[in-house]
Amino acid sequence: MQIFESASDLISHLKELRRNASSIGFVPTMGALHQGHLSLFEKSKAENDTTVGSIFVNPLQFNNSSDLSLYPRPIDKDMEMLHKAGCNILFLPSSEEMYPLAPALKMSFGPLEESMEGRYRPGHFAGVGLVVAKFFNIIRPDKAYFGQKDLQQFSIIRQMVQDLSFNIQLRCCPIVREENGLAMSSRNARLSRKKRHLAPALYASLQLAKKYIESDKLEELEAAVKEFFLQYPDLKIDYFEVVDSETLTEVKDVKKHQSIAICVAAYLEEVRLIDNLVFEPTYTS
Ligand code: AMP
């Protein structure tokens with residue numbers, strides 16, 4: 001695995017590779033890698049000649065300074081995992097390399113960022129959009145791989161690719177979970193042993209809500225979810241929403257939507273966790 005810290009060195013190297021018609025897959029990450037990240041690398045390896053990964057904890061997308069400073073950065077372990085996963089090139093830029101000057105451009109995504117993460121993390125998607133656009137310009141991948149875990153992020157990047165005519169195919173990969181249902185996340189490492197067992201309740205709440213939707217009982221769902229979370233006073237819910245998985249608009253009549261996403265965000269011990277369930281409803285009544 002070759003490691004680049006300089007964008008211009010990486011650009012020159014990839015230019016050479018492209019001369020041999022090598023297809024390039026790209027997996028952006030913030031490190032503290034787990035099986036969820038590795039699933040994106042596996043997919044990229046299967047579909048491209050060369051896989052480029054990046055590890056960059058992007059300060060621009062953090063609206064909470066302690067979340068940024070506490071973000072885990074086990075770089076040696078990450079490099080070992082990527083090496084084993086067969087990643088060909090790792091881009092490891094510093095903040096100065098990515099932002100030699102404070103950027104003036106502020107991306108905004110209209111209705112796509114008015115709900116959920118956009119509402120609770122002001123400025124987050126402007127930071128995500130900018131850093132992903134910079135990576136796309138530096139790496140110019142044929143395909144780029146993202147996780148459904150960050151569903152709203154994927155919608156925003158899809159919009160950006162369309163609006164800015166990036167010639168890049170996007171792949172949205174399924175959520176990888178622990179055996180107990182907890183969606184893998186770099187932030188899970190910050191959960192204490194004592195409270196960690198409570199985190200899978202988020203996935204359980206999504207499954208409960210799915211049952212209500214499939215039996216066309218949307219009007220009873222809110223009360224049922226509230227009652228469910230009464231058992232888990234340690235979970236502080238930011239939002240629990242049922243949206244169209246494409247447009248992210250609120251679902252009021254489930255029968256009008258082909259694909260539905262139930263999305264949740266909650267704090268457990270100062271650690272913010274998100275999860276979602278996307279499905280095409282099959283009705284039981
Ligand atoms: P992050 O390092 O958290 O920025 O994540 C990098 C990429 O990995 C994003 O596209 C995430 O959606 C994806 N990802 C994170 N967790 C998971 C997971 N449990 N399953 C699948 N993809 C994931």
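Tutor: A residue is near a molecule or strand if one of its heavy atoms lies within 4 Å of it. This is a predicted model, where local features need pLDDT of at least 70 and side-chain atom pairs pLDDT 80 or more, while totals for chains, interfaces and linings use all residues. Residues are numbered from 1 along each chain as its sequence is written, and side-chain values use heavy atoms, leaving out hydrogens and water.

Student: OK, the ligand. Which residues come nearest to it?

Tutor: H37, G147, D150, V176 and M184 do. They belong to a group of 17 residues around the ligand.

Student: How much of the ligand does the protein bury?

Tutor: 93% of the 490 Å² that the ligand exposes when taken alone. Those areas come from the Shrake-Rupley method with a 1.4 Å probe.

Student: Which elements give two or more residues to the shell?

Tutor: β2 (24-29), α2 (35-47) and β5 (143-147). The largest share, 3 residues, comes from α2. Helices (H or I, at least four residues) and strands (E, at least two) are DSSP runs, numbered from the N terminus.

Student: Stay with β2. How many of its residues are buried?

Tutor: 6 of its 6 residues, so β2 is mostly covered. Buried means under 20% relative accessible area (1.4 Å probe, protein chains only); exposed is over 50%, and partly exposed is in between.

Student: Which residues sit on each side of β2?

Tutor: I24, F26 and P28 are on one side. G25, V27 and T29 are on the other. Both faces are covered. In a regular strand the side chains alternate between the two faces of the sheet.

Student: Which strand does β2 pair with, parallel or antiparallel?

Tutor: With β3 (residues 50-55), in the parallel sense, over 6 bridges. Strands count as paired if DSSP finds at least two bridges between them. P28, for one, has S54 in β3 as its bridge partner.

Student: New topic. What order do the 3 strands of the open sheet take?

Tutor: β7-β8-β9, with antiparallel pairing. The edge strands are β7 (235-244) and β9 (271-279), each pairing on one side only.

Student: How many bridges join β7 and β8?

Tutor: 9 bridges. F240, for instance, has V264 in β8 as its partner. β8 (residues 260-268) and β9 also pair over 9 bridges. There, A261 partners V278 and I262 partners L277.

Student: Why is β8 described as largely enclosed?

Tutor: Because 8 of its 9 residues are buried, the rest of the structure largely encloses β8.

Student: Last one. Is S155 buried or exposed?

Tutor: Buried, because its relative accessibility is 2%. S155 is found in helix α8 (residues 151-163).

Student: How far apart are S155 and K210 in space?

Tutor: 21 Å, C-alpha to C-alpha. In sequence they are 55 residues apart.
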